[in-house]
Structure formats: structure tokens, C-alpha cells
Amino acid sequence: MTAADTHPTRTPATLTEARRALRQGAAVVVPNPAPLTHVVTATAATAVNRAKGRPVDQPVALWAHHRHTLDTLTGLWDLSPGHAALVLRLLAEEHLTVLVAERARAARPPWLEPAVKDGWMLLFGARWQPLHPLLDDHSVLYVSSANATGRPPAAHTAGALAMFPPTVPVLHLTGAEPASTPTASPTRRATTTVRVMPGGQLHLHRHGAQDLASGRPDDYLRLLSAQYSKANGTG
């Protein structure tokens, strides 16, 4: 039985309600622009994991959306300034999830701990304009795909309401996407995850919306590299 079956009158949260819930430490499900799915976010990684029904100490991505957070990260990852610019572009423009190696002997701030595993930090950077009021409230947020363990991520508000319990508000943005699942809509998937090596090489870590929409994964990575080189006058 789903949460929607148990609570048939449950309604989505407004932006004001979602902001209040985040400030109070709750996990909140929020939408992303097509072709991405919803994500679940919170100010504590443990809240994200509890919402997904998985071990509370499981690593999660850091939502690298805030300028102060990004300024700190650029001093912690093992990249040249040019390759750091590539990571910032992949996060902000491509809306990818990115794995970046930590710089040796860098002093890791406590808020980064939940997003690091085996020396690699996991970062998500989408900054969709309708979510700015919510994102700007917090310099540090943790994020993961909006799915209960073992299920695909929620693609629409209705699916998120059915998957998550009433203790996890589901934000619906008027005009951004329908409250119920549309009969005809683009296929949505979780974001592609790319590993950026210290030398700047790109490796596909997890298939997702961006690479599947662009043909074969190798073609997508070559396209990204070529666009970056052209933008920086190196190709």
C-alpha cells in the first residue's frame, strides 16, 4: 500500500511550506526541469537517507548550488583552475552529478563529510530558477534522487506523493509541471553522473538523462569535452 492509498487527500506543499520544512530540518522532495526527475533534499544527510528508507550513514551528494559553498570547494578538489572551470560548468549548465577527487591533505570541512567516499566528493549542481527562493535559504544542502530504495525516481508530483510518507513534503511549483502524471510527457531520468579525473578526463560513472538524450555515452563525453575546449579557446 502506498502513501497515497493511506492518505488519499494528501496535497503537495507550496514553496512557502517547503522552505519552512527545510528550515525545520525535514527532508523535502522538489522538482527539476525535464528531462530530470525529482530529488529529495535536506540540511542534514541523515534526513535525506531516512526519507529514502536506507541506512542513515550512506553517502549522499552535496547540492553545490551556493556561491560560498563553491568557493570553498574549489580549494579542496584536486584540479587545475582550468579543469575546475569545467566542473563548475558541468554542474551549473549541464545539471550533471559530478565526482571530483579531493586534494591531498586538504582540510575537509565537516559539512562535506557526508558527500565524500574513498577520496571522491559527490556534487549536484542544478540551480533551476523556480527553486531559487528555496535554495538561497541554505549554503549547504544534501540531495539524492527522489526514490524509495529499490524504486525508480519520481518523475512527477503525483508519483512523489505516492512514494514518500506524509512526513516528507513534496513541493509542487504551479506552472512548472502538472500535479498529476501527464498522459504525454518527455521521459524523465535521474541525472547523469560523470567522474572528472585530476587531469581533466571525463569518465561516465552512471547513465542518466543527459547522456541517454545525446546518443552513446562516449559521444556525449566527447561532446562535453569539445564544447569546453572551444569555450576556453583550447580546441
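Me: In which sense do strand β4 and β8 pair?
Reply: In this predicted model, strand β4 covers residues 97–101, and leucine 99 stands opposite arginine 195 in β8. Four bridges link β4 with β8, and the sense of their pairing is parallel.

Me: Which residue of β9 is the bridge partner of arginine 195?
Reply: Strand β9 takes in residues 202–206 and runs antiparallel to β8, to which four bridges join it. Within β9, the residue that forms the bridge with arginine 195 is histidine 203.

Me: Which residue takes a positive phi in the hairpin of β8 and β9?
Reply: Five residues lie between the two strands of this hairpin. The residue with a positive phi, near 95 degrees, is glycine 200.

Me: Which residue of β6 is the bridge partner of both valine 100 and valine 116?
Reply: β4 and β6 pair in the antiparallel sense over five bridges, and strand β5 (residues 116–117) also pairs with β6 in the antiparallel sense, over two bridges. In β6, valine 100 has methionine 121 as its bridge partner, and the partner of valine 116 is likewise methionine 121.

Me: Which residue of β6 is the bridge partner of tryptophan 63?
Reply: Strand β3 (residues 61–63) pairs with β6 in the parallel sense, and two bridges connect them. In β6, the bridge partner of tryptophan 63 is phenylalanine 124.

Me: How many residues line the largest pocket?
Reply: The largest pocket holds about 590 Å³ of space, and β4, β5, β6, β7, β8 and β9 each supply at least two residues of its lining. Ala61, Thr97, Leu122, Thr193 and Arg206 are the lining residues nearest its centre, and the lining as a whole has 29 residues.

Me: How many residues in the lining of the largest pocket are charged?
Reply: Sorted by class, the lining has 13 nonpolar and 10 polar residues. The charged residues in the lining number six.

How values were computed: Residues numbered from 1 in each chain as written. Predicted model: local features only at pLDDT ≥ 70, side-chain atom pairs only at ≥ 80, totals over all residues. Heavy atoms only, no water. Pairing = 2+ DSSP bridges. 1 Å grid on protein atoms, 1.4 Å probe; cavity = no way out; pocket = protein on both sides within 12 Å on 5 of 7 lines; lining within 4 Å. Points joined across faces, edges and corners; volume = space filled by probe spheres on them. Nonpolar A, V, L, I, M, F, W, Y, C, P; charged D, E, K, R; others polar.
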